[in-house]
Amino acid sequence: MSSGEEIPDFTVEEAPFDDEAPVALHAGGVVITGISGNLGRTLAKLLHKSERVIGIDRRPMRGKPKDLEVHLIDIRRKKVEDVFRRGHVRALIHMGIMHDPRLPAREHHTFNVLGTHLVLDYCARYHVPKVVVLSSASVYGPHPDNDNFLTEDSPLMAASRFAEVRDLIEVDMYAQQFMWRHPEVETVVLRPVHIVGPDIKNAPANYLRLAHPWTLAGFDPMVQLIHQEDACRAMQAALKPGVRGVFNVVGPGEVPLSAVLRELNRSSIPMPHPIARGLLHKLWQYHLVSFPAPELDYLQFLCTVDGSRARKDLEFKPAFTLRETIRSVLPSG
Amino acid sequence: MAGQLTRYQEQPRGILGRVKGAMQSWTLKLGGNELEQRLNRIAPPQNEYGVDPFGFDLDFSKAAIAPVLWLYKKYFRVETHGIEKIPAGRVLLIANHSGQLPLDGAMIAMAMLCEADPPRVVRSMVEKWVPTLPFVSTILARAGQVVGTPENCRRLLAAGEAIQVFPEGVRGLNKTWEHRYQLQEFGLGFMRLALETNTPIVPVAVVGAEEQAPNLYDLKPLAKLIGFPSFPVTPTGLPIPLPTKYRVFFGEPMRFAGDANGEDAELQRKVRQVKDAIQSMLRTGVAQRQHVFW
């Protein structure tokens, strides 16, 4: 990490920094990892009006505006360093984290954990003043004895019942470790609740698109959802100078799962919980469903968080109402 | 579109909707006009889906309390004393726990709803394993009951709610007949929270619950086998309580000052004062009553 020899190189490249001029802030670009994903494209669309956006993704970006610079590189590649070495990076938004339970654990583990290590370390080496890491409120995990509103200090227990998500926790933990090790970098870790939206294809959004979603008979936990555009606004808010720390990001409020399914006119199938897990596991093994059995915990227990810190320090307020957020998974919008 | 969007505020359809409607009318029949007005005075913060952030659903609760209200009015014929002493704003109700089934908690909650002025919704701190029970977990949550974590309690107190705690827990609930009206060991958690949040404590004594299901013998091996805290042998069999007369005594609010993270011995001294207040109300209550059933 001691990269003293890089500094002169950097100072030569960087234009004389003037704290007084607001333009200087905009002189640097914002690097976004995972820009070609559905959420990444939403974020790029939001930021590229006001910022110089530099994307990194191994997948090509659909509908890329001409003036947007996107590097088609796997974040584990050494070539990523060039993006930072060239200078003029004022912030990194690291959302290049994948969660595909079908992939072998080794693949997503190295991509998530190793990738995060590498890009954060480039930020320290090349004096990027701001790092925003997109984690998730799921790192706390759904548990019967959870507080109704988990604060940022709550332990990250998700892997205790669902081992496959441990790399997501490691990413979050590494970002926190980085925050303490590099006080000169303003590091922000965002833990948004389930992100949904017309373009989002994560597990919660896919679940809400099922015509006959399973529920667990007799269980109806409160859930929190956030619209994809609100989640991106939170990331934008995190770029504000002076902001650092870990923040839960909550959408327009809490609502029983049953009310969400009613709003979407779903006819849910209540399954007795003692048999649901085994059955879903079998279906998963035969590739008949895309939901691994431990995700049933989200239909049974609370994993809801307190978003007051982000409301206060990031001045983040969701723009979409509860009803709009829920209905955003519907095709016509 | 507007009609479709507001639909869920209206009566739900189907059998469940009809049951809910019938239960709500039962509640109003038992409680009369007065209860209807009281329920209308409770205005919990709620979103467009009719719940508060903890999942408390007033509309659902109006239906769910019907059987509890029947127990309160007709079966146990609960008599309250000193309920006017309940201070406005956040308060901790600390009560003795007895009777094998936690009906004493439900009766205190009904008293706060039916007799206190203004009517209050009691949020009890339920055991941490309750969320693993199907149906029970959902019904309790919609009725405003919350898992008893210190953080939840803090949050509700900050919102000015009335919280009910039984510091004896199952030690009190399942004690055997020869220990009736003798307070068991108190936990210290409630005192820590009271000090930390500067919340007044109202000691509450429930007389009559002990006799609803006398625990003649605790079948410990059987309890252990089925994973229950105890297996009481009672005259009527466990789920059926005897129709004893409940008397609920509310004491003077007690205010404590000190370090919430102080030594246990110091906390114990303060807890002792609350315990003594409850024990003395119990003694007078038991001595003054003419009959267990009337």
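This is a predicted model: local features need pLDDT of at least 70, side-chain atom pairs count only at pLDDT 80 or more; totals for chains, interfaces and linings use all residues.
**Entry 1: chain A overall**

I started with the fold inventory. Chain A has 13 helices and 12 strands. I then looked up the radius of gyration, which is 20 Å for chain A, in agreement with the value near 20 Å for a compact globule of 333 residues. The C-alpha trace spans about 65 × 40 × 40 Å along the principal axes.

Next came burial: 57% of the 333 residues in chain A are buried. I also checked how far apart in sequence the contacting residues sit. Of the contacts in chain A with a separation of 6 or more, 76% are between residues 24 or more positions apart.

Chain A carries 39 positive and 40 negative charges, and their mean positions are 7 Å apart.

**Entry 2: chain B overall**

I ran through the list again for chain B. I get 11 helices and nine strands. The radius of gyration is 19 Å, close to the 19 Å that the globule rule gives for 294 residues, so chain B is as compact as a globular protein of that length. Its C-alpha atoms fill a box of roughly 60 × 45 × 40 Å along the principal axes.

Buried residues come to 51% of the 294 in chain B. Residues 24 or more positions apart supply 77% of the chain B contacts that have a separation of 6 or more. I noted 34 positive and 28 negative side chains in chain B, with the centres of the two sets 4 Å apart.

**Entry 3: two glutamates in loops**

I went to A:Glu51 in chain A, in the loop between α3 (38-47) and β2 (52-57). Buried or exposed, I wondered, for A:Glu51? Its relative accessibility is 12%, so A:Glu51 counts as buried, the cut-off being under 20%. What does its side chain make a polar contact with? The partner is the side chain of A:Arg90, at 2.7 Å. I also noted A:Gly28, which is 23 residues from A:Glu51 along the chain, with 8.3 Å between the two C-alpha atoms.

Then I turned to B:Glu211 in chain B, which lies in the loop between β6 (201-207) and β7 (217-218). With a relative accessible area of 7%, B:Glu211 is buried. Its side chain is joined to that of B:Tyr181 by a polar contact of 2.8 Å. I listed what else B:Glu211 touches, leaving out residues up to four places away in sequence: besides B:Tyr181, the list holds B:Trp177, B:Leu242, B:Thr244, B:Arg289 and B:Val292.

**Entry 4: helix α4 of chain B**

I wanted to know which residues of α4 (residues 66-75) in chain B are buried. They are B:Ala66, B:Leu69, B:Leu71, B:Tyr72 and B:Tyr75. An α-helix has 3.6 residues a turn, so residues three or four places apart point the same way. I had that in mind when reading B:Ala66, B:Leu69, B:Tyr72 and B:Tyr75 among the buried set.

What do the buried residues of α4(B) pack against? I found α2 (14-41), α3 (58-64), β1 (79-81) and α5 (103-114) of chain B. Just after α4(B), I noted that B:Arg77 takes a positive phi of about 40°.

I looked for a cis peptide and found one joining B:Asp117 and B:Pro118, with omega about 0°. B:Pro118 sits in the loop between α5 and β3 (122-126) of chain B.

A:Glu315 has a phi of about 50°, and it lies in the loop between α12 (308-313) and α13 (322-327) of chain A. At 61% relative accessibility, A:Glu315 counts as exposed.

In chain B I noted B:Asn198, whose phi is near 55°. B:Asn198 is in the loop between α9 (189-197) and β6. Its relative accessible area is 52%, so B:Asn198 is exposed, the cut-off being over 50%.

Note on methods. Residues are numbered from 1 along each chain as its sequence is written. Chains are lettered from A and ligands numbered from 1 in the order in which they are written. Side-chain values use heavy atoms; hydrogens and water are left out. Helices (H or I, at least four residues) and strands (E, at least two) are DSSP runs, numbered from the N terminus. The radius of gyration is taken over C-alpha atoms; the globule rule is 2.2 Å times the number of residues to the power 0.38. Buried means under 20% relative accessible area, exposed over 50%, partly exposed in between (1.4 Å probe, protein chains only). Contact means heavy atoms within 4.5 Å. Lys and Arg count as positive and Asp and Glu as negative; His and the chain ends are not counted. The place of a charge is taken as NZ of Lys, CZ of Arg, CG of Asp or CD of Glu. A polar contact is a pair of N or O atoms within 3.5 Å; within protein, one must be able to donate a hydrogen and the other to accept it, and residues adjacent in sequence count only if both atoms are side-chain atoms.
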